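Visitor: I would like to learn how to read a model like this one, feature by feature. Could we go through it together?

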Amino acid sequence: MLEVNRLSVSFGTPDGLVRAVRDLSFSVERGRTLGIVGESGSGKSVSVQTIVGLTRGASVQVSGEALFEGSSLLTMTSAQLRSIRGARIGMVFQDPLSSLHPFYRVGWQVVELLREHDKTISKREARGRAIELLGLVGIPEPARRVDDYPHQFSGGMRQRVMIAMAMALNPSLLIADEPTTALDVTVQAQILGVIRRMQKEFGTAIILITHDLGVIAEVADEVIVMYAGSVMEQAERRELFYAHHHPYTVGLLKSVPTFESGRRRLSSIPGQPPSLISLGAGCPFAARCTQRVARCRIERPPLAPIPGSSMHLSACWLDDLPDEAESDRVSPAIVAKEGDRG
Amino acid sequence: MLKGPRSAEDAWEEETEQAAAIQGRSPWQLAFARLRHDRAAMIALGVVVAIALVAVLAPVIAALTGHGPDVQYLPPIGTTIDGLPKAPSAHFLFGTDDLGRDVLVRVAYGAQVSLLVGVLATLLAVVIGALVGLAAGYFGRVVDTVLARVIDVMLSIPFLLFAISLASVVSVTPIHIGPIVLQQGLGIVVIVIGTFSWATVARIVRGQVLAIREKEYIEAARSLGAGSWRIIVIDVLPNVLAPIIVYATLLIPLSIVAEASLSYLGVGIPPPTADWGSMISEAQPYYQEAWWFLVFPCLALIITTLAFNVLGDGIRDAFDPRATGTRA
Amino acid sequence: MSSVSGEPLVRVASLVKHFPVRGARRRRGSEREVVHALDGVSLEVWRGETLGIVGESGSGKSTLARCMTRLQEVTAGHVFFDGQEITSLSQRRLRPLRREMQMIFQDPFGALNPRRRVGSIIGDPLAIHTKDSGAARKRQVQELMELVGLNPEHYNRFPAEFSGGQRQRIGVARALALHPKLIVCDEPVSALDVSIQAQILNLLVDLREEFDLTYVFIAHDLSVVRHVSDRVAVMYLGEVVEQAPADDLYRAPRHPYSSALLSAAPVPDPDFADSRKQIVLVGDLPSPIHPPAGCRFSSRCPRQRPRCTVVAPMLEPCFGDPASHQSACYYPLADGETLSGGEANAHLGPIDTEKP
């Protein structure tokens, strides 16, 4: 339903060209959830915002293709995109406090949204639907709360309102950009439950963006791992967690403390994410990779299927180097020492 | 970035150095760089520097033209036979005034007064205002309540009326405070203008300090055991400096205009000192016959005020860029 | 883990902290409305150990940290540091003690003054408490920078030129400057990327070994707390609901809230996530201005019974637990028992435990 091919997004700044996204390709089907996981600067938010047309501007360069139900999103006019956003693509962002207008009652905002996209609906009908939606996302006493202001809701409740608004027009795709990052863990569990229930009831396709691998493990069907604007690994959920391939994925999984890790030293990824302006020619992760070889800094590995699987993709030279001697590999100790420094 | 046969390690070093080079700029340097790119602000800065030069070099101008600022040239050189000002000519580039004095030279000397009062009054206002604002904002509660009321009172006193009254009083009977004598002149004008400007500065500073007070780095400083005044000077002040500077740059033209107004009304700088405000006042009856007498001091005032205002805008934008769009 | 003995380094007893509600109307005769941030918290921190404090928003954990270090004044109760009562010491008398207890803050972007150079920031404690010369201070600061993994050449840079993880290292260096006995870490890694989190956690653990530090480690992320702590205290709405050695807590939580918290934490393991029956709490946190009577968790607790809403349960061991494992619940979970929707609260509706 949504197909993205080789999407690249760059921003021109006084300091240079920021290559925020490079060659992102994926597709999402009805009833499935795609999880995009990455740390800050990975390009996960920018890519999705570009797809729905929220990053248009003079200094933005976009290349590639994004087809939504057959139509090309990147070439649409702003007006066309506006009619799609909200109606056929719903969006939920991280901070509901800044997405909801603080001066208008919540019910009014939902009603406005409904009437904006459907001119025939009456105020009474819209209000009824608003109450219905609030109930659907689990807000208790929706008939009473529909007239409350956003600040009268707790963080979790506000996010439910956002989901209600996103689902109001029954979109075929829901994009959730870090929807639970600002919420407590018990509330996060509630919200993820609501999102999952929406998908079950309406068959919506979901793109979920997060930095939390645990959330991915719970809700995603397919996973894309991004780093510094590029896709490092792309696979079905269990494949990613149990048959991971890319050193970045491995490092990420190992650096998450779990209940079992006890008080052993966490294996961390040394160094920090690179500047998106001065990305070199090689693999963006090479500087921090304990498995790197000389080739990694010179040539960027393509995102290709790993041996034995056609759907599991990884952007790494690793399996391609049967002839490299063991001594060519950089020892983890050296990388750790130079990387841990600021 | 990579050049031929150099090893991958070298290439890597170069990349990281390049990335590091993009950083390495202090907030002040960044602001300065932004200011440099603001063409309007740079032009304004040039104008301000030019005006300052004119003020400093006023005696030189007087020497070059051969005319002093207070020298009255008798008819038919200084004025017409009827006693009217003479039009601009090769001899008097800006013409003469009703007493036969060289307008150009007087405008130049007038710049001295304007700039001096502008800067000194602003300095006075900023120093007092910053102190009061810092104390009120940081200590809060009783101190804040008291100081905030004082600020409110100061802001509600009408400037012009009070200034006129005070200046009129001292022009007749100088006030003696110990060794200091307050009489009509530069001193009183600076004090009066400064006294009426500090309240706004204090209010701005207080607002900023209230916001900064809640920041974590202030909490961190307290957790380290830093005393209040140390925190105010070392942690709060640098963050408040930027709005202070911006407002100061905008306060200078306000002070200049205030001084011109006072002199226009006759209660500022006493004659015969060359002063734009008094020149404008004296030129009024002659505006039909001798436009130059009125126009040149007016222009000087307008250009000076405009230049400072544009510069102030530029400085504010440099410190606080709300980017309206990135330049590629 | 260093040996632990003797008097506790820090002790708080029945700590109460109420914040006045801004703009609340003072009705004649009745009390002013207050936010009950802390209501009777008692804890001990032993020399050399790391006490983890876990809680969600509204639990009061940050307020506890600030009351412990006297950054906030307490409303009632006592704070002891190294045997000495510091609850009402004047700021002047407190100053020398500040050398011994330091804090690391959550926000790497907010905890450093953007207009000061990093060397000056790290050297601040030295400038305040010692009479060292500028050159001596600089040397110490550079040593500290190396210790925490920063390049000492960057002494003159501004915070904006560093990444989030590096800024947190700066905060650590600053806290370490006077070689304190206690460091209170208020969510030190919450704002950092996962891969950087691990670096900072490792750093904190290394420093603890090297300098024999005592940590109070506050976080909302259970797995992070588990990783660094010897003992853990779970807080809810201003009270401690359970405290235990870390292993015991994670293996056999007694309090329903602890159990719900553990089960709600996302785990990067798909099979585990699919198979576990996640407890999803119904409803919202009650208002801290009007906390419920009795047990504060009762309004959301699946095991709630009439007794729970009358008198709050005491914090004490149950089921034969050792004195080190205490929980405040009338119906704690037994070994191996998992929280379920069994005794559902009819008025709250069915418990949301379904998984797709």
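Visitor: Into which domains is chain A divided?
Guide: Keep in mind that this is a predicted model. Chain A is divided into domain 1, covering 2–226, and domain 2, covering 228–340.

Visitor: How far apart do the C-alpha centres of domain 1 and domain 2 of chain A lie?
Guide: The two centres are 30 Å apart. For the boundary itself, look at contacts, which count residue pairs with C-beta atoms within 7 Å. Here 24 residues of domain 1 of chain A are in contact with 22 residues of domain 2 of chain A.

Visitor: Which elements of chain A each supply at least two residues of the side of domain 1 that touches domain 2?
Guide: They are β2 (16–28), α9 (213–219) and β9 (222–227) of chain A. Of these, β2(A) gives the most to that side of domain 1, with 10 residues. Sorted by class, the side of domain 1 of chain A that touches domain 2 has 13 nonpolar, 4 polar and 7 charged residues.

Visitor: Now a single strand, please. How should I read its two faces?
Guide: In a regular strand, side chains alternate between the two faces of the sheet.

Visitor: In what sense do β3(A) and strand β8 of chain A pair, and over how many bridges?
Guide: β3(A) pairs with β8 (residues 205–210) of chain A in the parallel sense, over 5 bridges. To find your place in this pairing, pick A:Leu34, which stands opposite A:Ile207 in β8(A). β3(A) also runs parallel to β9(A), joined to it by 5 bridges. There, A:Ile36 stands opposite A:Ile224 in β9(A).

Visitor: And between chains: how many residues of chain C are in contact with chain A?
Guide: 44 residues of chain C are in contact with 42 residues of chain A. The elements of chain C that each supply at least two residues of its side are α5 (164–176), α6 (194–211), α7 (222–228), α9 (256–264) and α10 (270–275). The largest share, 9 residues, comes from α6(C).

Visitor: What is the make-up of that side of chain C by class?
Guide: The side of chain C that touches chain A has 22 nonpolar, 15 polar and 7 charged residues.

Methods
Residues are numbered from 1 along each chain as its sequence is written. Chains are lettered from A and ligands numbered from 1 in the order in which they are written. This is a predicted model: local features need pLDDT of at least 70, side-chain atom pairs count only at pLDDT 80 or more; totals for chains, interfaces and linings use all residues. Two residues are in contact if their C-beta atoms, placed from the backbone, lie within 7 Å. Helices (H or I, at least four residues) and strands (E, at least two) are DSSP runs, numbered from the N terminus. Ala, Val, Leu, Ile, Met, Phe, Trp, Tyr, Cys and Pro count as nonpolar, Asp, Glu, Lys and Arg as charged, and the others, Gly among them, as polar. Domain bounds come from an automatic or database domain assignment. Two strands pair if DSSP finds at least two bridges between them.
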